[in-house]
Amino acid sequence: MTAGARGPAVSGRRLTTARRRGVATLTLAGVALVVALVALGIGDYPLSPLEVVRALTGTDGFASTIVLEWRLPRVLAALVFGAALGASGAIFQSLTRNPLGSPDVIGFSTGAYTGAIIVIVSGASSSLGTAGGALAGGLATALAVYLLAYRGGVPGLRLIIVGIGVTALLHSVNSWLLLRAQSEVALTASFWGAGSLALVGWSQLVPALVLLAVLTPLVVALSRPLRQLELGDDAARSHGLRAEGSRLALVVVGVALTAVVTASTGPIAFVALAAPQLARRLVRSAGVPLVAGAVTGAVLLLVADLVAQHIASSPVPVGLVTLVIGGVYLITLLVGESRRSA
């Protein structure tokens, strides 16, 4: 086959692959929409999908109050926060080139929790103060992990190992802070640390949406450098990319995505770990898909929250459900890796 013949063939395969990924991502978005409609209709006052649509338009007074004021903030929070965690996980798994490279494994979620605990224990536990503490804690942890892992560069495996060690240290710090706090304060911090969407209303959701709206263009702008870094630092530099500067910018944005969610809901584990890899398998992508990872995270957190609300006689924090899902996923991942390496 001549070079001219190979060119169109390769272009055709790329177009087919891109189309398949686009269709798969749109399908995931459709699933998210359907699950959201179901979630808005389930509760003590059940509504059909048609009634939910009418309530969203404000034409049905009582049903509109239930949907718009009570249920919609929680459903939107699950979708948006799940997407943020999925995107953050995709960023870190791409940077580390490792399926274990997620912010909850590396310690950034735990660092955000530490920052929030410090604010709560100090008595300045307003929504803004807690959000600021979580953001500062996540960024400080990211800086510490980055500096400890840096040796003329930040190899992915070293970042993960250092992050696991920092996570263990921060868990000890968190336990010490809670043991020294007053019982009521410690109980508040512990409940918040379980990760829950139950207390998310419009007053908590709107500031988080504003912050995530600011971060979204940064994620889009950094998506191309992220794809280049997946090829290796040498290949990225050959295309004129400042590898370490781009990597640091991606770390900051990824941590900020996680910290905004943690500040609003508490730490929700394993969504950032599982969503990118599930998306990779669903869209059959060679790399970790950023957009599909975000959409998968949205679906995963919304489904987990539905389970948290309705599986037991009384609701449980969604963080407990994601821990179970993530634990099963992590075991499956480790068993699969061990079989491939055997």
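1. Helices (H or I, at least four residues) and strands (E, at least two) are taken here as DSSP runs, numbered from the N terminus. Helix α11 contains Arg-247. This residue counts as buried because its relative accessibility is 7%, where buried means under 20% relative accessible area, exposed over 50%, and partly exposed in between (1.4 Å probe, protein chains only). Setting aside residues up to four places away in sequence, Arg-247 touches Leu-95, Tyr-146, Val-154, Leu-229 and Asp-233, a contact being heavy atoms within 4.5 Å.

2. The model is predicted: local features need pLDDT of at least 70, side-chain atom pairs count only at pLDDT 80 or more, and totals for chains, interfaces and linings use all residues. Residues are numbered from 1 along each chain as its sequence is written, and side-chain values use heavy atoms, with hydrogens and water left out.

3. On confidence, the chain has a mean pLDDT of 84, and 92% of its residues reach 70 or more; pLDDT is the predictor's confidence in each residue, from 0 to 100. Among the elements of the chain, α13 has the highest mean pLDDT (93) and helix α10 (residues 233-238) the lowest (74). Where pLDDT is low, the predicted coordinates should not be read in detail.

4. The largest pocket holds about 720 Å³ of space. Its lining comprises 29 residues, and those closest to its centre are Arg-227, Pro-289, Leu-290, Val-291 and Ala-292. Two or more lining residues come from each of α1 (3-41), α3 (61-96), α9 (202-229) and α13 (290-310). Helix α9 gives the most, with 7 residues. For these terms, a 1 Å grid is laid over the protein atoms alone; a pocket is an open set of points with protein on both sides within 12 Å along at least five of seven lines, where a cavity is a set in which a 1.4 Å probe fits but cannot get out, and lining residues have an atom within 4 Å of a point. Grid points are joined across faces, edges and corners, and the volume is the space filled by probe spheres set on the points.

5. By residue class, the lining of the largest pocket divides into 20 nonpolar, 6 polar and 3 charged residues. Ala, Val, Leu, Ile, Met, Phe, Trp, Tyr, Cys and Pro count as nonpolar, Asp, Glu, Lys and Arg as charged, and the others, Gly among them, as polar.

6. Helix α9 also contains Gln-228, which is buried, with a relative accessible area of 17%. Apart from residues up to four places away in sequence, Gln-228 touches Ala-236, His-239 and Leu-241.

7. Phe-270 sits in the loop between α11 (243-265) and α12 (271-283) and is buried, at a relative accessible area of 17%.

8. The count of aromatic pairs comes to 3, where rings of Phe, Tyr and Trp (its six-membered ring) pair if their centres lie within 6.5 Å, and planes under 30 degrees apart count as stacked, over 60 as edge-to-face and the rest as tilted. One of the pairs, Tyr-45 with Phe-62, is edge-to-face, at 5.1 Å centre to centre and 85° between the planes. The pair links distant parts of the chain, 17 residues apart: Tyr-45 in the loop between α1 and α2, and Phe-62 in helix α3. Tyr-45 is partly exposed at 38% relative accessible area, and Phe-62 is partly exposed at 48%.

9. Helix α3 also holds Leu-68, which counts as partly exposed at 25% relative accessibility. Neighbours within four places in sequence aside, Leu-68 is in contact with Ala-55, Leu-56, Pro-73 and Trp-202. Its C-alpha atom is separated by 8.3 Å from that of Gly-58, 10 residues apart along the chain.

10. Ser-285 lies in the loop between α12 and α13 and counts as buried at 13% relative accessibility. Leaving out neighbours within four places in sequence, Ser-285 is in contact with Arg-21 and Arg-280. The C-alpha atoms of Ser-285 and Arg-21 are separated by 7.5 Å, although these residues are 264 residues apart along the chain.
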